[in-house]
Amino acid sequence: MHTHDKLDRLRPHRHDPNLEPPATAPDLILSRPDGSQTIIDVPYLQSLPLTTLPNCYIVSTGHGTSGPFAFTGARLIDLITAQLPQETPWSQVEVISVDDFGNRVTAQELKQPDDHQPPILLAYAMNGTLMSRKQGLVRMIVPSEKDDALRQVKWIGRINVL
Ligand SMILES: Nc1nc2c(c(=O)[nH]1)N[C@H]1C(S)=C(S)[C@@H](COP(=O)(O)O)O[C@H]1N2
Ligand SMILES: [Mo]
């Protein structure tokens, strides 16, 4: 059990962030519990209701805090709801970058969000402009996490709904 936990790259862990973006622009692929997959592009994310979160900070243990930024994107729950057939059971989502960094979000966090926290976003714009590759392209923003940015996944390549 413990050994297995250590191998789980989505568990919180200490990490020196990659500052350099991946060489190729990734496709973002969503996979459903039945194994079916769909490519999600930025225009599709822009077609979902948008949310802007002002005053976001990215807190890095390695290279300090940056911000404030206004991140704009689609709510992760809206993408999942739009992409899963109704009544499909699911319990968690793995959000994984092309550099194999990632984070797990539970259905509970998304379906019963804390009233005092803004929603978890898949952001595609920062300060009103589409994000560059250096800035993360499509980046998850988890407003409740303010310590070490381990959940603020840049360069998302896979969203696995399990
Ligand atoms: N894809 C990816 N996302 C990532 C990381 C990473 O290494 N790869 N590092 C995380 C950590 S630990 C930090 S501190 C922030 C750094 O974000 P910044 O480069 O925008 O400051 O990105 C987070 N998201
Ligand atoms: Mo970090």
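This text walks through a predicted model of one protein, from its overall build to single residues.

Start with the whole chain. The protein has 4 helices and 10 strands. Read from the N terminus, these elements follow the order α-β-β-α-β-β-α-β-β-α-β-β-β-β. The radius of gyration is 15 Å, close to the 15 Å that the globule rule gives for 162 residues, so the protein is as compact as a globular protein of that length.

Now look inside. Of the 162 residues, 41% are buried. Next, take the contacts with a separation of 6 or more. Residues 24 or more positions apart account for 62% of them.

Turn to the open space. Rolling a probe the size of a water molecule over the atoms shows where empty space is left. In this model, the largest pocket holds about 600 Å³ of space. Two elements give two or more residues to its lining: strand E3 (50-60) and strand E4 (64-75). The lining counts 28 residues in total. Pro-17, Ile-58, His-63, Arg-139 and Lys-154 are the ones that lie nearest the centre of the pocket. What kinds of residues form the lining of the largest pocket? They divide into 11 nonpolar, 10 polar and 7 charged residues.

Asn-55 is found in strand E3. Its phi is positive, about 60 degrees, although Asn-55 is not a glycine. Asn-55 counts as exposed because its relative accessibility is 58%, and the cut-off for exposed is over 50%. Pro-68 is found in strand E4. The peptide bond that leads from Gly-67 to Pro-68 is cis, with omega near 5 degrees.

A positive phi also turns up in a loop. Asp-100 is found between E5 and E6. Its phi is near 65 degrees, and Asp-100 is a residue other than glycine. With a relative accessible area of 45%, Asp-100 is partly exposed.

Next come the charged pairs. How many salt bridges does a search of the whole structure find? The search finds 4. Three of them can be followed here, including the pair of Lys-134 and Glu-20.

Begin with that pair. The closest N and O atoms of Lys-134 and Glu-20 are 3.4 Å apart. The two residues come from distant parts of the chain, 114 residues apart. Lys-134 sits in the loop between strand E8 (129-130) and strand E9 (139-141). Glu-20 sits in the loop between helix H1 (2-7) and strand E1 (28-31). Is each partner buried or exposed? Lys-134 is partly exposed, at 48% relative accessibility. Glu-20 is exposed, at 56%.

Move on to Glu-109 and Arg-151. Their side chains meet in a salt bridge, 2.9 Å from N to O. Glu-109 counts as partly exposed, at 27% relative accessibility. Arg-151 has a relative accessible area of 15%, so this residue is buried.

The pair of Arg-104 and Glu-94 joins two strands. Their closest N and O atoms are 3.6 Å apart. Arg-104 lies in strand E6 (residues 102-106) and Glu-94 in strand E5, 10 residues apart. Strand E5 covers residues 92-97. Arg-104 is partly exposed, with a relative accessible area of 25%. Why does Glu-94 count as buried? Its relative accessibility is 17%, and buried means under 20%.

Stay with Glu-94 for its surroundings. Leave out residues up to four places away in sequence. Glu-94 then touches Leu-10, Asn-103, Arg-104, Arg-158, Ile-159, Asn-160 and Leu-162. Arg-104, the salt-bridge partner, is one of these.

How values were computed. Residues are numbered from 1 along each chain as its sequence is written. Chains are lettered from A and ligands numbered from 1 in the order in which they are written. This is a predicted model: local features need pLDDT of at least 70, side-chain atom pairs count only at pLDDT 80 or more; totals for chains, interfaces and linings use all residues. Side-chain values use heavy atoms; hydrogens and water are left out. Buried means under 20% relative accessible area, exposed over 50%, partly exposed in between (1.4 Å probe, protein chains only). Contact means heavy atoms within 4.5 Å. On a 1 Å grid over the protein atoms alone, a cavity is a set of points where a 1.4 Å probe fits but cannot get out, and a pocket is an open set with protein on both sides within 12 Å along at least five of seven lines; lining residues have an atom within 4 Å of a point. Grid points are joined across faces, edges and corners, and a volume is the space filled by probe spheres set on the points. Ala, Val, Leu, Ile, Met, Phe, Trp, Tyr, Cys and Pro count as nonpolar, Asp, Glu, Lys and Arg as charged, and the others, Gly among them, as polar. The radius of gyration is taken over C-alpha atoms; the globule rule is 2.2 Å times the number of residues to the power 0.38.
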